[in-house]
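Reader: Please go through the helices and the aromatic contacts of this chain, giving the cut-offs as you go.

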Amino acid sequence: MLNALQTRILAVVAFLVAVAALSSGVWWFGYQSALDQLEQRGRSDLALASDRLTGELSRYRELAVLMADHPVVAAAVDGRGAGAADLLRETADKTGSLDILVVSRNGAEVASASGTGDEAHGTTPYFARAMDGALGIYHLVHDRYGQRTFLFAAPVFSAEGPVAGAVIVVVNVDAVEAVWRGARPTVFFTDDLGVTFISNRSELVFMARDPRAALRGDTAEYAQGVLRPFITYEARDQRGHSVWSVQGQRYVPQRALHLSLPLPVIQMTGEALLDVAPARLLARLQAGVAAAICLAFGAMLFLATERRRTLAEANARLETAVEVRTAELSRTNADLRHEVSERIATEAQLKKAQADLVQAGKLSALGQMSAGISHELNQPLMAIRSYAENAEAFLERGKADVAGQNLGRIADLARRMGRIIRNLRAFAKQESEGMTDVDLSGVITAVLEITQTRAKTSGVDILWTPPATPLIVRGGEVRLQQVVLNLVSNAMDAMEGQDGPQRIELEAAMVDGRVELYVRDTGPGLDEPDRIFDPFYSTKQVSQDGMGLGLSISYGLVQSFGGMIRGRNDPAGGAVFTVTLDAADRAEAAA
């Protein structure tokens, strides 16, 4: 077993080494291919930047040639032109030249756009070339203008033929350079001293590969101390590509492909540094893909061989596991069925307990009102007895009409007692029907008939004005009576024994398509409005009956109707309970 394991490990290690070697080869080939493509694009970019620079400078070179043929300039060279300065100034403004000079044969300035100076040009190389009849080109950091300049000197020929002087057009390099500063790739132009004179990276300007070579001929190209050491880099040749590793430069790629292009037209060499990071990334991606493919293929082979070897063992283990799992699932299924049965029984018990609790709450409320109900029934009974005796006496005297009036009063009292008893019986019974259409005004009227005796005894004024239009809601009539009775009874309990007016106001209205019932009292208000619907929460005194279940039961009943009950303190004093119920027409529309 150990030998087989060692063999597999050695095979995996050999395969990984082969994959690493293949990935390295793919990386190297991909990197070289990417460098070839990068060099092609880079040479195009460098040629484009060089053409842009030479194109910008060629305008000023042509300007110098054209100005040399101007008659006003020829007259100024001979000392006969009085309006040359105005012409030069106007031309410089229109062409964007830094300055335009007219120089005589001995090198002295005879006119200029910026004002004639005392600078001597006789010993400068550009003037010497112009005096030879050719176009002189030169660049330097000019002390007179304090910035980098290009000079184009064109010869001015006399009528006899020899060169009589020269026109010098001074170009501001900053203006030419500004249009492509910051563009990619990094491009810079160096002169024969190795000094970077123009670049789209300002930090490269005046960097010299050999800062000691700062003079050419008799004229200083650069002011003393303006040159700086060239960037620190290490060049490596990679199959004909010069790759620089640059250090300490923020805006120059740390690893870049170096390209160069001679520009004899402006006596400079264009150079570019192209970031090789994309090429390296592409090579890494190609190597990664190759490695991933090889590893995936090797993994599939390895898994295929291992699967053959372990299939029999896995099959045996699987059969054993299936048997064990089947037994466990059978036990779990039996436990779940038993748990479902227990939950169903528990739910039925909870529903029965809730129904019993509701019934107990109603009977408790009836018990609390028993004295008032006895008084309410005793008064009509006493009155009926008195009216009956009087009617008998009036009949004996032959006063049938008066006796008839007494009998009518007896009938009214009997109907009143029947209505009270009917409301009590309906309230006391357990409602088995589901939700129906219920007249909310009738429910409130029945509750007020039940509680009117206690209200009179306690000195509580109950204000209720039925709405003009009947408000039909969805619910159970008896259960809805219990909700209203609980709210009215709680309001009486809250105001019991307090000084000042004791008043309960009931109001019902249609709000946003639903029916809302408001029950307000003038009691002390709610101590903890957030807890009033919690079971067994009560603020009643010990002398008052109650277990703190009335509002909790009411909350459950209203929820079963699809409604909502809320309680809050009125800013004017007392508590306000709001019962929101679905209107019958709204419920039918939703169905």
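Author: Buried means under 20% relative accessible area, exposed over 50%, and partly exposed in between, with a 1.4 Å probe and protein chains only. Helices (H or I, at least four residues) and strands (E, at least two) are DSSP runs numbered from the N terminus. The model is predicted: local features need pLDDT of at least 70 and side-chain atom pairs pLDDT 80 or more, while totals for chains, interfaces and linings use all residues. Residues are numbered from 1 along each chain as its sequence is written, and side-chain values use heavy atoms, with hydrogens and water left out.

Reader: How many residues of helix 10 are buried?
Author: Helix 10 covers residues 477–495 and is followed by glycine 497, whose phi is positive, near 80 degrees. The helix is mostly covered, and of its 19 residues the buried ones number 16.

Reader: What span does helix 9 reach from its first C-alpha to its last?
Author: Helix 9 runs over residues 440–458, which is 19 residues. The expected span is 1.5 Å times one less than the number of residues.

Reader: On which residue is the kink in helix 9 centred?
Author: The bend at a residue is the angle between axes fitted to the seven residues ending there and the seven starting there. In helix 9 the kink is about 50 degrees.

Reader: Which residue caps the N-terminal end of helix 9?
Author: A polar contact is a pair of N or O atoms within 3.5 Å; within protein, one must be able to donate a hydrogen and the other to accept it, and residues adjacent in sequence count only if both atoms are side-chain atoms. Here a side-chain oxygen lies 3.2 Å from the backbone nitrogen of serine 441. The capping residue is aspartate 439.

Reader: What is the angle between the planes of phenylalanine 230 and tryptophan 244?
Author: Rings of Phe, Tyr and Trp (its six-membered ring) pair if their centres lie within 6.5 Å; planes under 30 degrees apart count as stacked, over 60 as edge-to-face and the rest as tilted. The count comes to 8 aromatic pairs. Phenylalanine 230 and tryptophan 244 form an edge-to-face pair, 6.3 Å centre to centre, with an angle between the planes of 85 degrees.

Reader: Why does tryptophan 244 count as buried?
Author: Tryptophan 244 belongs to one aromatic cluster with Phe188, Phe230 and Tyr233. It counts as buried because its relative accessibility is 3%.
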